[in-house]
Amino acid sequence: MAMGDQRRNGRRPDSTDQTILSALAKDARTGITEIAALANVSRATAYNRIKRLTDEGVIRGYSVVTDHSKMGLGVTALVLISGSQPDWRANREILSSYPEIEYCWYVVGSADIVLLVRVANTNQLRDLILTRLQALPGVTSTQTLTVIDEVVHRPVVEPSNGGE
């Protein structure tokens, strides 16, 4: 998607927007008064900035961050799926219905689909892969990478100035 497609007016978030986004990324429950103080703007300006960022699709929503292991999901894995291209549309709906899948990406490279899955144990992971994923239309192979430590998880990734 081109930059102009992401925002109606093609305007990138400025430093004030970035301050607001960082505050909300740390805690989406942060009050407007605190956000305004952090960004050094009035409450009305902070509110209008958040509304604009939301209207332009920069802010797509607010969510809860859970501790997956405390939710009983002690195993995290990346599953790479390779298969025939004609089946991708049908598989989108099927994959979307699997509650174990946190993220699903269609990619270009040695695999066609990359999944981030979270399950309670390796038995559930085995059953997901062997009985459901490998049975999908057109799937020719899967490769599983089991996560042993989650080191970085950023809810907001800010663009670097390195390329400018």
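Visitor: What makes Ala 23 count as buried or exposed, and where is its place?

Guide: In this predicted model, the place of Ala 23 is in helix 2, which covers residues 15-26. Its relative accessibility is 9%, and since buried means under 20% relative accessible area, Ala 23 counts as buried.

Visitor: Which residues does Ala 23 touch, not counting those up to four places away in sequence?

Guide: Ala 23 touches Thr 30, Ile 35 and Leu 38, where a contact requires heavy atoms within 4.5 Å. Val 152, by comparison, lies 129 residues from Ala 23 in sequence and 18 Å from it in space, C-alpha to C-alpha.

Visitor: Why is Asp 27 called partly exposed?

Guide: The relative accessible area of Asp 27 is 31%; buried would need a value under 20% and exposed a value over 50%, so Asp 27 is partly exposed. Asp 27 is in the loop between helix 2 and helix 3, the latter being residues 32-39, and its C-alpha atom is separated by 9.7 Å from that of Ser 63, which is 36 residues away along the chain.

Visitor: How do you know whether Glu 93 is buried or exposed?

Guide: Glu 93 has a relative accessible area of 66%, and because exposed means over 50%, Glu 93 is exposed. Glu 93 is found in helix 5, residues 88-96, and its C-alpha atom is 16 Å from that of Asp 112, a residue 19 positions apart from Glu 93 in sequence.

Visitor: What makes the phi of Asn 40 worth a remark, and how is Asn 40 classed by accessibility?

Guide: Phi of Asn 40 is near 60°, a positive value in a residue other than glycine. Most residues other than glycine have a negative phi. Asn 40 is found in the loop between helix 3 and helix 4, the latter spanning 43-55, and with 71% relative accessibility set against the cut-off of over 50%, Asn 40 counts as exposed.

Visitor: Which residues line the second largest pocket, and which element gives the most to its lining?

Guide: The lining consists of Thr 76, Leu 78, Glu 102, Tyr 103, Trp 105, Leu 116, Arg 118, Val 147, Glu 150, Val 152 and His 153. Strand 1 (75-83), strand 2 (101-106) and strand 3 (113-119) are the elements that give two or more residues to this lining, and strand 2 gives the most, with 3 residues. About 260 Å³ of space lies in the second largest pocket, and its lining divides into 6 nonpolar, 2 polar and 3 charged residues.

Visitor: How does the radius of gyration of the protein chain compare with that of a compact globule?

Guide: The protein chain has a radius of gyration of 20 Å, whereas a compact globule of 164 residues would have one near 15 Å. The C-alpha atoms fill a box of roughly 55 × 35 × 30 Å, taken along the principal axes.

Visitor: What is the order of elements in the protein chain, and what share of its residues is buried?

Guide: The protein chain has 6 helices and 4 strands, which run α-α-α-α-β-α-β-β-α-β from the N terminus on. Buried residues, with under 20% relative accessible area, make up 27% of the 164 residues. Of the contacts with a separation of 6 or more, 64% are accounted for by residues 24 or more positions apart, while the protein chain exposes about 11100 Å², of which carbon and sulfur atoms supply 52%.

Definitions and conventions: Residues are numbered from 1 along each chain as its sequence is written. This is a predicted model: local features need pLDDT of at least 70, side-chain atom pairs count only at pLDDT 80 or more; totals for chains, interfaces and linings use all residues. Side-chain values use heavy atoms; hydrogens and water are left out. On a 1 Å grid over the protein atoms alone, a cavity is a set of points where a 1.4 Å probe fits but cannot get out, and a pocket is an open set with protein on both sides within 12 Å along at least five of seven lines; lining residues have an atom within 4 Å of a point. Grid points are joined across faces, edges and corners, and a volume is the space filled by probe spheres set on the points. Ala, Val, Leu, Ile, Met, Phe, Trp, Tyr, Cys and Pro count as nonpolar, Asp, Glu, Lys and Arg as charged, and the others, Gly among them, as polar. The radius of gyration is taken over C-alpha atoms; the globule rule is 2.2 Å times the number of residues to the power 0.38. Buried means under 20% relative accessible area, exposed over 50%, partly exposed in between (1.4 Å probe, protein chains only). Accessible areas come from the Shrake-Rupley method with a 1.4 Å probe; for residues, only the protein chains shown count as cover.
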